[in-house]
Amino acid sequence: MAEGADSGRTRLEWLDKDECLELVASGGVGRVAFNSQTGPVILPVNYMMDAGTILFRTALGGPLDTDLRTGVEGAEFKVAFEVDRIDEARREGWSVLVRGGAHHVTGEEECAQAAATGLETWAGGERELFIRIAPVEITGRRITRG
């Protein structure tokens with residue numbers, strides 16, 4: 001909705017990077033968007049912010065593992081990560097979009113550090129693989145009534 005629409009009762013505001021980071025800092029549920037071999041995919045994940053990156057866990061061999069591998073050492077798979085909070089009754093909310101490279105957490109020390117964060121998942125089953133998204137671009141919007 002464009003600014004000034006709805007007779008001035010709602011307002012669209014662009015958020016700066018610091019506001020966006022503050023909104024997503026508490027963790028929770030976000031959505032990872034990427035192109036798989038069969039087309040675009042968006043999957044929800046539990047996440048947390050860790051050392052300036054988005055960190056989440058997934059299953060080895062699952063789509064977030066296999067589809068996010070480039071097969072080239074050091075090359076990254078570009079993804080989008082979205083978090084929002086919406087109050088449908090009030091028609092207010094915010095959305096933050098993070099774009100960047102997805103990196104499989106490898107190496108004994110790095111895996112131990114990721115595991116020490118205490119990041120848990122809601123999904124059942126084994127979630128032994130950690131993936132980090134290193135932000136390249138962070139944008140956000142907020143819709144308020146006023």
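**Salt bridges and a loop residue**

Mentor: Arginine 31 and glutamate 82 form a salt bridge, their closest N and O atoms being 2.7 Å apart. A salt bridge here is a side-chain nitrogen of Lys or Arg within 4 Å of a carboxyl oxygen of Asp or Glu. This is a predicted model, where local features need pLDDT of at least 70, side-chain atom pairs count only at pLDDT 80 or more, and totals for chains, interfaces and linings use all residues. Residues are numbered from 1 along each chain as its sequence is written, and side-chain values use heavy atoms, leaving out hydrogens and water.

Trainee: Where do arginine 31 and glutamate 82 sit in the chain?

Mentor: Arginine 31 is in strand S2 (residues 28–36) and glutamate 82 in strand S5, 51 residues apart. Strands are DSSP runs of E, at least two residues, and helices are runs of H or I, at least four, numbered from the N terminus.

Trainee: Is glutamate 82 buried or exposed?

Mentor: Glutamate 82 counts as buried because its relative accessible area is 18%; the cut-offs are under 20% for buried, over 50% for exposed and partly exposed in between (1.4 Å probe, protein chains only).

Trainee: How many salt bridges are there by this rule?

Mentor: Eight. One of them joins aspartate 50 and arginine 132 at 2.8 Å, N to O.

Trainee: New topic: where does aspartate 67 lie?

Mentor: Aspartate 67 is in the loop between helix H2 (63–66) and strand S5 (77–87). Beyond four places in sequence, its contacts (heavy atoms within 4.5 Å) include Phe34 and Phe77.
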